[in-house]
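Hi everyone, thanks for coming.

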Amino acid sequence: MPERRFPRLVGLYSQAIKEYCEALEWDHEKFKVCISDEGISHPDLYLEDPNAGIIDKLSQFLEPTNQSSIFIIWDEVGMGKSSIRDFVVKSLEEVEAYHALLITDPRLTPFQFLRVITSQLGLEIPGVERRQIRDALEEKLLELSEQGMHIVIWVDEAEKITKEVMGELRALSDLKTEGGTKACKLILSGTPRLVEKIEEYITKDPENVAAFDDRASLNTFRLSKWTAKDIMNYWRLLSSFCGRRNPFTPEAAETVYKISEGKPRTIAQVTKLVLNLKAMDYHMSRGSLEISSGNVLLALKGCLSEGE
């Protein structure tokens, strides 16, 4: 019976990547978790430079005396919204008196939406009516705020929320302690459709303007594309995270920039592909560890030819 190619290739790639990591003095276990098909998969690899403004704006927004209650992050798919989300949520874990709640799939009914939040706060509410759950949630948020705890609710893919859930967000954004402090902060991230939905929501009912901090002062941030310099900085960060040596050349960064059009997810995916194929090349030839522009083009050429 002839040897099956697929199992042999799986084992070969696994061995090749281990050998390449060893040659670079990289931690193989760290390398395995640093990049996924969705892009940058570890919060320690979030590159602040391309969107330095968002760090400043979010820091000001989350400051307790800031009375704004909703922050919008938006752009097309693949621009790094999830990476920013994971970075901010992880960073808040290190800040005293802050607690972040994360909703990654907002395709929920208002009842389910409130249930998810209360569950993350550790509340067990026997009631089955939305009003009961909302009352209990508001009471808990006010209690935590009075105790000096700052609750941040992050809703990802927020363009998928319904008008009814938008109403629940409006109610939460209005919630204040007796001293006038906002009981929680809301961060919504999504595609351009999210901005359109909010505009539609505000237009249909003028009362919603105040709930969303008025369009004149609404905190919104559109993400920036990466430059070749940003890509090189990302590779330096990746190399430092995994170990030591950075095998990528500036010419490779220029090539990846042109191919990816500066989209972070595409950059991460190309990085993973090139590393895998370079590892196999090193395994077979014990040649150079360096990743050049030619290696990038060769990897993508092979990927495209396999898809034809």
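So, in what order do the five strands form the open sheet? Reading across, the order is β4-β5-β6-β3-β7, and the pairing is parallel. Before going on, a word on what we are looking at: this is a predicted model, where local features need pLDDT of at least 70 and side-chain atom pairs count only at pLDDT 80 or more, while totals for chains, interfaces and linings use all residues. Residues are numbered from 1 along each chain as its sequence is written, and side-chain values use heavy atoms, with hydrogens and water left out.

Helices (H or I, at least four residues) and strands (E, at least two) are DSSP runs, numbered from the N terminus. Two strands pair if DSSP finds at least two bridges between them. In general, strands of a sheet pair through backbone hydrogen bonds, either parallel or antiparallel.

Let's step inwards to β6, residues 184-190. Seven of its seven residues are buried, so the strand is largely enclosed by the rest of the structure. Buried means under 20% relative accessible area, exposed is over 50%, and partly exposed is in between, using a 1.4 Å probe and protein chains only. Cys 184, Leu 186, Leu 188 and Gly 190 point one way from β6, while Lys 185, Ile 187 and Ser 189 point the other way.

Who are the partners of β6? On one pairing, β5 (residues 150-155) runs parallel to β6 over five bridges, with Val 155 opposite Leu 188 and Trp 154 bridged to Ile 187. Five bridges also join β3 to β6, and there Trp 74 stands opposite Gly 190.

β3, residues 70-74, pairs with β7 too, in the parallel sense over four bridges, and Ile 72 stands opposite Thr 220.

Next, the helices. Two packed helices are described by the angle between their axes and the distance between the axes. Axes are lines fitted to C-alpha atoms, for helices over the stretch in contact, and angles run from 0 to 180 degrees between N-to-C directions.

Helix α5 (residues 110-120) packs on α6 (residues 130-146) at about 30°, with the axes 10 Å apart. That makes α5 roughly parallel to α6; angles under 35 degrees count as roughly parallel, over 145 as roughly antiparallel, 65 to 115 as roughly perpendicular and the rest as oblique. Contact means heavy atoms within 4.5 Å, and the residues of α5 that meet α6 include Phe 111 and Leu 114.

How do α5 and α7 lie to each other? They are oblique: the axes of α5 and α7 (residues 163-174) come within 8 Å and cross at roughly 45°. Among the residues meeting here are Phe 113 in α5 and Leu 169 in α7. Finally, α5 also lies across β4 and β5, running at about 145° to β4.
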